[in-house]
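Good morning, colleagues. Please turn to the sequence and the structure on the screen.

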Amino acid sequence: MKPSDFCDNLFKYQRVNTRKVLVGELALGGLEPIRVQSMTTTNTNDTAASVEQSIRIIEAGGQIVRLTTQGRPEAQNMKEISEGLRSRGYITPLVADVHYNPAAAEIAAQYAEKVRINPGNYTGGAKRFDETADNMSQEEWMSLIKEKLTPLVKVCKEHETTLRIGVNHGSLSDRIMAKYGDTPEGMVASCMEYLEALESLDFYDIVISIKASNTRIMVHTVRQLMAAMKAKGTVYPLHLGVTEAGSDAEGRIKSAAGIGALMIDGLGDTIRVSLTEAPEAEIPVAQALVDYISSKREAPEVENVDTSSYSPYTYEKRESNQVLNIGGQALPVVITNTPGEADYYFDGTGYVDKQGNHYPMLLVSHIDECQETCFVVASLSDLTQETLGKLAKRDNVVVVASANSENQTVEYRAVILKLNNAGVKAPVVLWYTSQEAELSDYQLKASADLGLLFIDGLADGIMVSNENLKAKDVEDTAFVLLQAAQARFSKAEFISCPGCGRTLYDLQSTVQRIKARMGHLKGLKIGVMGCIVNGIGEMADAHYGYVGAGYDKISLYRGKQLVKKELNQEEALEQLIDIIKQDGLWIEAKNQA
C-alpha cells in the first residue's frame with residue numbers, strides 16, 4: 001500500500017466520496033454532511049425511559065440513536081420505542097446494537113432503520129480466546145458467515161434496513177485471532193470477510209466501523225481498511241469512534257485526537273464520541289469536532305512533498321538525533337510559556353530546562369549563528385534547498401515547526417516529511433498557538449490538530465501557548481494529549497465504556513471513584529466496563545479490568561485473566577486495589593502518604 005492509498009489528498013482537507021446509503025430518511029455517506037450520533041444507556045425493555053433518553057439525544061442534536069438489543073425481548077421492544085418516538089413527531093433513525101444473537105438481529109431489523117452486528121461475535125459466538133481455533137478452510141468459514149447472514153439480509157431487504165459491520169479491537173473471532181492475533185490486519189480481514197459475504201448476497205446498504213480504545217491502533221486500522229476498500233473499488237460509508245474513551249477532559253481529548261486524525265484526511269461519514277457520561281453530553285462534543293474539521297475545507301492545499309518516508313498504516317517512530325532530551329528514543333517533550341511541570345519553558349529569547357539551562361531560539365535563516373545547542377524555528381516555506389542542506393549537517397539543532405495554514409496538521413506533516421526527504425535528522429517540536437477563550441474548545445481543537453503527528457510517531461514534542469487560558473490548563477492539555485496519542489504516559493489511563501442497557505451498575509459514579517483512587521498510578525491502564533460485551537475483549541490492552549457481571553455484581557481481571565468473580569460492588573474496588581498491591585504496582589498518592 002502506498003501512503004496515500006487510504007485517502008484522496010494528504011495535503012488538503014478533502015472528503016472521501018463514499019457510497020451513499022439511506023438510514024431511514026437520513027442520507028449517509030457520499031458527500032452528505034457528517035452525522036453525529038449517540039447510544040442510550042437505558043434498559044431497552046423500558047419503553048418510556050428509552051423514548052425519553054432518545055429525545056434528549058435528539059434535542060441535543062443527535063441525528064442517529066442506537067440502543068442495545070442483546071436479546072429477543074429487547075429487539076422486539078424496538079417496535080414500541082420506535083412507535084413512541086414517531087407518535088411524538090421524531091423521525092430520527094434508530095439503530096439496534098446486537099452481539100452474539102442472530103435471532104435478535106433478525107427481529108430488530110423489522111423495526112430499526114439500521115442494525116449493528118459485530119463479526120467477532122455474530123459468527124464465532126462467545127470468546128474462548130483460543131488462538132489455535134483455526135480448524136476450518138476459508139471456503140467453509142465463508143460459507144458459515146453467509147449461512148448466518150442470509151436470514152438477516154432477507155429481513156433487511158424486506159424492511160429497507162441498513163446494516164453496520166462494527167468490528168472492535170479485542171472482540172475478534174477465535175478464528176481471526178488464530179490467523180492474525182489481535183492486530184489491525186485481523187480487524188481489517190474480519191471486516192472484509194463480512195463485506196464479501198454481504199455483497200455475495202446482493203446486499204449493499206452497509207456502513208462500516210472499525211474501532212479500538214487505543215487511538216494508535218484505531219487510526220492505523222481504519223486507514224488499512226480504507227485502502228483495502230478503495231483497492232476493491234467500493235468504499236462504504238464510515239462510522240468513526242474511539243471506544244471506551246473515558247470521561248471528562250481525558251475522554252474528550254482522546255476522542256478528538258483519534259477521530260480528528262482520520263477526519264483531517266477526509267475520512268468519516270458519521271461519528272460517535274463515546275464518553276462515560278449521559279449520552280446527550282456526547283453530542284455537542286461530536287458536533288464541535290465535525291464543525292471544526294469541516295471548516296478546514298477552505299484552507300488552501302499546502303506544498304506537496306514526497307511521502308515515501310511516511311508510514312500511515314503502522315506505527316514507526318521517525319528516526320531523529322537525540323538533542324538534549326528531545327528526539328531519538330526519548331519521550332516527546334512539552335514546552336510552555338511559563339515555568340511549571342513542562343520540560344522547558346520559553347522566556348522570549350530561548351528555552352529554559354528544569355535545571356535552568358538556557359538554549360537560544362533562532363530563525364532557520366540565522367542557523368549559521370548557532371554555535372552550540374539551539375532551537376531553530378522553520379515553516380514549510382522556510383525549508384529551501386539551502387536551509388535544508390545546512391540543517392542536514394547539524395546534530396545540535398531542534399527544529400521548532402511553525403504552521404501558517406488553517407489546516408495546521410497537514411502543514412506540520414509536510415514540514416516533517418520534507419525534512420526526512422532532505423536527510424535532516426533533527427528532532428521536531430510543533431509550535432502550536434491558539435486564541436481560544438474556552439478551555440473545552442482549546443482541548444478539542446489542539447487534540448484534533450496535533451493527535452495525528454504523535455499517533456504516527458512524526459513529532460518529538462509540543463510547544464503550546466494560549467494567553468486567554470490558565471497556563472496550567474494549557475500545560476495539562478498537552479500532557480493528556482500525548483497520553484491520548486499513546487506517546488507519553490504521565491498518569492493512569494482509564495479505558496471506560498459509555499454504558500448502555502446492558503450495564504447493571506452505576507458506571508459513571510464508579511469511574512469517578514476509581515479515577516480518584518488510582519489516577520496517580522502512572523502508566524497503568526485500567527478498564528472499567530459496563531458488561532462482558534465491553535469487558536475482557538474490548539479493554540484489550542488494559543492491565544486490570546473492573547467489569548459488570550450482573551445487578552451490582554463486578555468481576556475483576558488481570559489482563560484477560562478472571563481473578564475475582566461476581567463481587568458485590570461495594571467490595572470490588574478495594575479488592576482491585578489489593579490485587580494491584582499483590583502485583584507490586586501500587587504506590588501511595590502523595591496526598592495519602
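This is a predicted model: local features need pLDDT of at least 70, side-chain atom pairs count only at pLDDT 80 or more; totals for chains, interfaces and linings use all residues.

I begin with the strands. Eight of them form a closed barrel in the order β3-β4-β5-β6-β7-β8-β9-β10, and the pairing is parallel. Opposite Val-65 stands Leu-94 of β5. Helix α1, which covers residues 47–59, packs on the sheet and touches both β3 (35–39) and β4. The direction of α1 makes about 150 degrees with that of β4.

I turn now to Thr-69, in the loop between β4 and α2 (72–87). Is Thr-69 buried or exposed? Its relative accessibility is 0%, and because buried means under 20%, Thr-69 counts as buried. Leaving aside residues up to four places away in sequence, Thr-69 touches several residues, including Ala-96, Asp-97 and Val-98. Among its other contacts are Thr-44, Glu-74, Ala-75 and Met-78.

The largest pocket holds about 440 Å³ of space. It is lined by 18 residues, of which Asp-476, Phe-479, Val-480, Ser-490 and Lys-491 are the closest to its centre. Two elements, α9 (248–263) and α14 (471–484), each give two or more residues to this lining. Which element gives the most to the lining? That is α14, with four residues. By class, the lining of the largest pocket comprises seven charged, six nonpolar and five polar residues.

Conventions: Residues are numbered from 1 along each chain as its sequence is written. Side-chain values use heavy atoms; hydrogens and water are left out. On a 1 Å grid over the protein atoms alone, a cavity is a set of points where a 1.4 Å probe fits but cannot get out, and a pocket is an open set with protein on both sides within 12 Å along at least five of seven lines; lining residues have an atom within 4 Å of a point. Grid points are joined across faces, edges and corners, and a volume is the space filled by probe spheres set on the points. Ala, Val, Leu, Ile, Met, Phe, Trp, Tyr, Cys and Pro count as nonpolar, Asp, Glu, Lys and Arg as charged, and the others, Gly among them, as polar. Two strands pair if DSSP finds at least two bridges between them. Contact means heavy atoms within 4.5 Å. Axes are lines fitted to C-alpha atoms, for helices over the stretch in contact, and angles run from 0 to 180 degrees between N-to-C directions. Buried means under 20% relative accessible area, exposed over 50%, partly exposed in between (1.4 Å probe, protein chains only).
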